[in-house]
Amino acid sequence: RLASAIVGWFRQGEVLQGKVVAQSGIRWFRVKVSELRNTTGSAAEISCYILIDGAIIGFGPLLEPADGYVVGDARPNPRIRPMPTKSDKSAAPAAAKAKAKAAVDLGDLSKWLDHPGGERASFVVVPKQAVVRSLPSTRAKAAGIISEGDIVEGEVRNGWVLADPQPKDPQAMREGKGRWVLIDGSGLGVAGLGEILRPYIEPPTVRRVFSEALEVHCPPAVVRDAGAFKLEVLAEDAEPTCLPCSGKILMVHELEPNKKVRLRFAPANGKPPGKVREEDWTEAHTQEGPDMFEDGDPYENDVFGRPRGKCSQCPCKAYAMDSSSVTLNMNASDARCARCGCAATGHEIVSVQEEEDVDHTASATGATPKRRARRKREEPEGPLLIEKAVALPKETLLRRWMPLDCPEGEQAWPRLGRSFKEAVAWSDLHSDMGANMDHLRSLPVCPDTVLLLAGDLATKMEVLEESMRVLQAKFGAIFYIPGNHELWVAKKEGLSSVHKFVAILELCERLGVHTRPAFISEDCAICPLFSWYKDNLCDGFSRDRCNVPFDIQTSWPWSVTGCGDTNDAQQYAIADFFAGLNERRLESRPKEAQAAADGEAETDAPKAPLVITMSHFVPRQECYPGPRRLCGVMGCREIEQQVRLVGARTHIFGHSHIACDREVEEVRYVQHPLGYPSDYHRKHRPVRVWGKAPAKDAGDEAPAERQAEETDAVWSGDIVKEIVKEIEECTDELVERPTGRWDTESTDIKPSGVVDQRQEEMALRAQMGFDAKKISELWSAPPPVKELSFSITCMSSAASIDMKVNNDLTVKQLKEAIVKQVGRGNAAKVMLSMSGETTLSDDVALSSIDEDELEAGKLSCMGVDMSTAKEVSIRIVHRTSEDPQALTVSVLDTATILDVRKAIMDKLGEKSLSQCKLVKTSKNGAFMTLPDTELLNGRTTFGFLGRALPPAIGAAPADSPAAAGASAASDTPVGAGA
């Protein structure tokens with residue numbers, strides 16, 4: 001995998017032996033080595049994988065077959081084995097037979113040799129063995145043999161394949177230096193010759209995996225001639241099946257969850273494909289996914305709150321949301337079903353009303369058809385527990401909250417048991433998605449660092465607990481605030497969103513995750529702020545302009561909202577409710593910080609601590625440049641008011657999945673989201689917002705993960721059971737359901753569900769007076785200039801250098817700085833990458849690269865030698881002397897032209913630098929002075945103008961072919977090809 005650790009390297013020109021393997025359509029070369037060079041210098045038997053073609057990560061071909069192989073597109077071509085040798089006894093008859101054989105008439109072969117023009121194609125060898133010829137004729141000399149199942153690639157020319165990586169010129173072809181293989185010998189009338197080569201098709205590429213389906217992409221050859229191929233499917237514990245190839249994308253349905261599936265292309269006409277090679281198969285594994293849907297189960301809502309049933313494109317019975325395909329600003333048609341992989345729009349929208357269906361059994365007996373009510377789902381007997389939960393009075397709801405709030409009358413925020421050196425911010429981890437949870441497990445251990453987690457960690461309670469335990473093992477302490485996804489509930493659970501909110505805080509209390517304000521050091525305090533959203537965040541927006549259904553999966557008690565619309569998450573009262581929970585922590589805020597923020601601090605007052613607040617939702621409109629249709633569900637201005645009231649200098653938030661790090665009115669606002677796996681702007685590591693943890697020495701051992709006190713305990717389930725039991729046993733008088741905005745008698749608008757149309761967005765922008773260009777310019781403003789210190793490692797030699805540059809440089813300018821510092825190379829040939837995988841473009845700004853990853857030494861380079869400077873001998877040849885004159889001086893290979901001139905002065909005893917000029921000859925024969933700042937870059941011979949040099953007996957003049965050849969040979973920079 002491209003994300004795997006780098007365990008070593010091989011140098012240019014080394015010959016490796018191993019096996020070509022394919023994984024998800026990407027070909028790797030597997031080798032076993034006993035002395036793999038790595039950073040520790042250890043030697044062990046190890047299997048490693050080398051990418052064959054680096055085009056997918058910005059490099060070119062990394063491996064090419066050694067002599068004796070044919071190659072094309074970096075696929076595994078066969079080794080052309082020499083013809084078997086014959087014994088001396090049979091050699092004489094064979095020689096006589098060859099001599100009697102008629103000579104090949106080259107004139108007949110001109111159309112093969114002189115006229116290239118066939119496409120490059122791949123073929124698989126059908127017979128046990130096939131002969132490779134030196135010319136495209138069955139009478140030509142045999143150059144080798146290939147065996148059944150081998151892959152041959154090359155240029156197709158009139159029934160033959162020219163299996164050469166670089167086709168030679170026609171004269172070389174006539175001399176028999178080509179390698180030719182006949183495609184089909186059926187028409188030659190020779191016994192035993194039939195189909196020799198059959199078109200080879202690349203293995204299928206699995207792009208998306210679902211619980212009951214796979215999305216398979218077909219190679220161009222299959223797309224061009226789809227009717228000639230079929231897709232063979234071998235699923236674990238299932239009968240083999242075949243699907244016709246009918247386009248670029250194939251959906252393989254009716255698979256079972258969590259099963260291994262093997263796929264390959266085969267001829268549709270039933271013709272045997274020859275030897276079936278293991279490399280022809282692609283292996284995939286279906287996801288665990290949602291439970292199998294059965295009649296009577298409740299239907300699941302799509303991203304816009306619409307319940308969807310069976311699929312019109314496959315046998316899937318009901319829609320299930322595929323979280324990996326969800327993005328905040330997505331188009332509705334992009335959402336996929338987690339079961340079948342079909343678009344959500346392909347699943348029928350289920351009406352909440354009782355539908356009628358025709359009783360066809362009556363028609364069969366000749367009676368008049370009757371209409372009967374069709375039951376959409378089985379409802380449990382009696383009222384649902386959720387109906388009681390949302391009807392509880394507010395005092396009952398907050399009874400479990402009171403012990404979780406700051407103590408009444410508290411005068412100051414407490415301090416943690418230990419002092420920390422660093423705080424980092426992260427948001428929207430969405431660990432319900434397997435890829436994100438795996439990523440959390442791979443994080444390094446940072447025991448001196450505090451993690452500020454701004455919500456949307458997970459939706460399910462058990463996943464939330466597991467995620468917190470994983471993060472606790474990685475960081476010294478965690479401050480956390482719940483987001484909107486945490487408060488999604490299912491009716492069958494019996495909890496309202498407020499009950500679940502309290503359950504999450506109780507879980508944090510038991511685990512030791514902080515949700516109350518506290519000092520993490522003498523000069524830094526963290527204050528989590530509970531919040532929700534309103535439609536007052538952005539100027540000119542109101543809910544009646546774009547009534548987007550959002551967070552329909554929540555359920556709100558009537559005593560909190562004063563409204564009977566239980567699933568309406570956009571009620572003002574919800575944001576006011578959460579803002580009210582912050583009162584006690586605001587009252588005990590540090591007075592020094594508030595005075596400093598107001599500019600009222602006395603001159604002799606102690607230094608105010610840095611206060612960092614955190615919320616899940618967006619605090620002010622300058623921090624949200626996204627679609628205007630979502631302004632009503634992003635945040636509210638009350639958050640900003642509380643941030644200023646506390647005297648915070650930094651505020652952390654999340655929710656919009658739009659990275660932000662900017663200062664507005666002397667407060668720094670930071671959003672740093674991991675986001676969904678499909679988000680293109682994911683932040684894979686948290687960002688530092690305060691302090692700096694002490695650097696670890698190279699020889700220090702990595703810190704061990706911190707273990708929780710009761711790693712086997714699972715508290716989330718117990719907490720939910722306790723709250724459910726309290727709801728069931730509660731005897732408090734229930735609140736009567738008030739009228740709601742969505743009641744049929746209401747004159748207010750209802751959710752339109754139209755959130756994915758561009759014309760609606762553009763019309764809304766015009767109504768609000770939104771200037772997209774101005775916002776774009778504001779968000780593209782460069783960050784403050786600061787100095788960066790980091791190391792860069794050379795991938796070919798493991799040498800490294802330390803760099804100190806400003807963050808306002810581009811990658812191109814960094815390359816120039818590297819060349820200048822090491823004194824070698826050409827900046828245009830230098831390639832930089834993060835962790836050896838992703839190549840950085842020249843126009844990328846250093847300020848956009850994660851500073852922590854830079855400082856962690858993850859920047860590597862190729863194309864320049866970073867080793868210690870070495871002494872080299874430079875030959876100086878006089879350009880204008882009648883007799884050969886030359887001089888040899890010694891300088892470092894990192895020297896400049898000026899250094900060489902000074903070395904010449906010292907050796908000649910010359911006092912004037914102007915008498916020692918180094919020149920090159922232009923195309924018109926004129927001399928051109930070399931710039932003093934120019935580097936040697938491996939050159940060892942230079943032309944000279946100035947005073948006389950010592951005679952060079954037997955030396956070639958500088959303008960002679962010998963000298964020119966030496967100069968040209970020395971123009972290659974040392975290490976440039978590594």
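Axes are lines fitted to C-alpha atoms, for helices over the stretch in contact, and the angles between their N-to-C directions run from 0 to 180 degrees. Two packed helices are described by the angle between their axes and by the distance between those axes. The model discussed here is predicted, so local features are reported at pLDDT of at least 70 and side-chain atom pairs at pLDDT 80 or more, while totals for chains, interfaces and linings use all residues. Residues are numbered from 1 along each chain as its sequence is written, and side-chain values use heavy atoms, with hydrogens and water left out.

The secondary structure of the protein chain comes to 22 helices and 42 strands; helices (H or I, at least four residues) and strands (E, at least two) are DSSP runs, numbered from the N terminus. Of the 978 residues in the chain, 47% are buried, where buried means under 20% relative accessible area, exposed means over 50%, and partly exposed lies in between (1.4 Å probe, protein chains only). The chain exposes about 49,100 Å², and carbon and sulfur atoms supply 50% of that area. Accessible areas come from the Shrake-Rupley method with a 1.4 Å probe, and for residues only the protein chains shown count as cover. Among the contacts in the chain with a separation of 6 or more, 68% join residues 24 or more positions apart; contact means heavy atoms within 4.5 Å.

Helix α8 (residues 434-441) and helix α9 (residues 461-472) pack at an angle of about 25°, and their axes are 9 Å apart. The two helices are therefore roughly parallel to each other, on a scale where angles under 35 degrees count as roughly parallel, over 145 as roughly antiparallel, 65 to 115 as roughly perpendicular and the rest as oblique. The crossing of α8 past α9 is left-handed; a crossing has this name if the near helix is turned anticlockwise from the far one by less than a right angle, and is right-handed if clockwise. On the α8 side the contact is made by M437, L440 and R441, and on the α9 side by V463, E466, S467, V470 and L471. By class, this contact of α8 with α9 has five nonpolar, one polar and two charged residues. Here Ala, Val, Leu, Ile, Met, Phe, Trp, Tyr, Cys and Pro count as nonpolar, Asp, Glu, Lys and Arg as charged, and the others, Gly among them, as polar.

Helix α9 also has α10 as a partner. The axes of α9 and α10 come within 11 Å and cross at roughly 30°, and the pair is therefore roughly parallel. This time α9 passes α10 in a right-handed crossing. M461, L464, E465, M468, R469 and Q472 of α9 meet K500, A503, I504, L507, C508 and L511 of α10. The residues of this contact divide into eight nonpolar, one polar and three charged.

Helix α10 (residues 497-511) in turn meets helix α16 (residues 715-729), with axes that come within 10 Å and cross at roughly 140°. These two helices are therefore oblique to each other, and their crossing is right-handed. From α10, the residues H499, A503, E506, L507, R510 and L511 meet W715, S716, I719, E722, I723 and I727 from α16. The contact of α10 with α16 has seven nonpolar, two polar and three charged residues.

Some loop residues also deserve a visit. T554 lies in the loop between β27 (524-528) and α11 (558-561) and is buried, with a relative accessible area of 0%. T554 and W488 are 66 residues apart in sequence, yet their C-alpha atoms are 4.6 Å apart in space. Leaving aside residues up to four places away in sequence, T554 touches L487, W488, V489, S497, W532, T566, N567 and A569. P65, in the loop between β3 (46-51) and α1 (88-100), is partly exposed, with a relative accessible area of 31%.

Most residues other than glycine have a negative phi. N158, however, has a positive phi near 50°; N158 sits in the loop between β7 (151-157) and β8 (160-162) and is partly exposed at 47% relative accessible area. E666 has a positive phi of about 70° although it is not a glycine. E666 is found in the loop between β30 (660-664) and β31 (667-671) and is exposed, with a relative accessible area of 55%.
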